Amino acid sequence: MLALWKVRKRLWDQARRGGDGYAVLKNPGDLTDRQSEAFGNLRNTGPKGQLYRSWQLKELLRTLLKHPLEQARGELRHWVFRASHSRIPEIVEPAKKIRRRRPDILRTIQLGYSNARLEAFNNRIKVTIRMAYGFHHVDNLIALVMLRCGGLDIRLPQPRT
């Protein structure tokens with residue numbers, strides 16, 4: 001997605017023609033009618049349709065992550081080949097990284113895991129650090145992180161009725 005954003009940023013001014021430049025960052029099912037129309041015009045604009053080809057590669061990668069392992073294995077090989085031969089610098093670089101990390105990507109598809117929980121946990125820690133701005137001692141920050149992220153269920157006493 002980041003690579004597509006970089007291509008869009010570089011090429012969109014050439015391809016604009018009054019459309020919505022952020023349409024390429026959306027999933028195909030989420031496009032408005034106006035965005036779909038503007039998006040259709042991208043095929044033949046820009047240097048050799050780089051923006052449209054970048055979008056196609058992004059969509060291929062997004063959909064292959066949802067396929068069964070053997071199908072995803074072949075599609076990932078095909079994707080890496082197409083991306084590395086695309087002559088779009090913002091796409092060629094991630095293709096090299098994906099080629100190196102192919103076993104990890106395939107293992108992720110096989111196991112069905114994602115790093116969403118880890119990212120959520122990391123975000124919670126970052127928010128806690130922002131909340132702790134101004135604490136005089138790092139021990140107080142650590143205590144706050146442990147309190148918010150440690151999984152303790154602390155219930156305050158309730159008055160008896």
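How many nonpolar, polar and charged residues does the lining of the second largest pocket have, by class? Keep that in mind as we walk through this predicted model, and let us start with the pocket itself. Its lining is made up of Leu65, Thr108, Ile109, Tyr113, Ser114 and Asn115. Sorted by class, these give three nonpolar residues, three polar ones and no charged residues. The volume of this second largest pocket comes to about 170 Å³.

Take H3 and H4 to begin with. H3 covers residues 50–64 and H4 covers residues 69–84; their axes come within 10 Å and cross at roughly 160 degrees. Angles over 145 degrees count as roughly antiparallel, so that is how H3 and H4 lie to each other. The crossing of this pair is left-handed. If you select the side chains, you will find Gln56, Leu57, Leu60, Leu61 and Leu64 on the H3 side, meeting Ala72, Glu75, Leu76, Trp79, Arg82 and Ala83 of H4. Eight of these contact residues are nonpolar, one is polar and two are charged.

The last stop is the pair H7 and H8. Helix H7 spans residues 116–131, helix H8 spans residues 138–149, and their axes come within 10 Å, crossing at roughly 140 degrees. Why are H7 and H8 described as oblique to each other? The label of roughly antiparallel is kept for angles over 145 degrees, and the range for roughly perpendicular is 65 to 115, so a crossing at roughly 140 degrees makes H7 and H8 oblique. H7 passes H8 with right-handed geometry. On the H7 side the contact includes Phe121, Arg124, Ile125, Val127, Thr128, Ile129 and Met131, and these meet Leu141, Leu144, Val145, Arg148 and Cys149 in H8. By class, nine residues of this contact are nonpolar, one is polar and two are charged.

Conventions:
Residues are numbered from 1 along each chain as its sequence is written. This is a predicted model: local features need pLDDT of at least 70, side-chain atom pairs count only at pLDDT 80 or more; totals for chains, interfaces and linings use all residues. Side-chain values use heavy atoms; hydrogens and water are left out. Axes are lines fitted to C-alpha atoms, for helices over the stretch in contact, and angles run from 0 to 180 degrees between N-to-C directions. Helices (H or I, at least four residues) and strands (E, at least two) are DSSP runs, numbered from the N terminus. Angles under 35 degrees count as roughly parallel, over 145 as roughly antiparallel, 65 to 115 as roughly perpendicular and the rest as oblique. A crossing is left-handed if the near helix is turned anticlockwise from the far one by less than a right angle, and right-handed if clockwise. Contact means heavy atoms within 4.5 Å. Ala, Val, Leu, Ile, Met, Phe, Trp, Tyr, Cys and Pro count as nonpolar, Asp, Glu, Lys and Arg as charged, and the others, Gly among them, as polar. On a 1 Å grid over the protein atoms alone, a cavity is a set of points where a 1.4 Å probe fits but cannot get out, and a pocket is an open set with protein on both sides within 12 Å along at least five of seven lines; lining residues have an atom within 4 Å of a point. Grid points are joined across faces, edges and corners, and a volume is the space filled by probe spheres set on the points.
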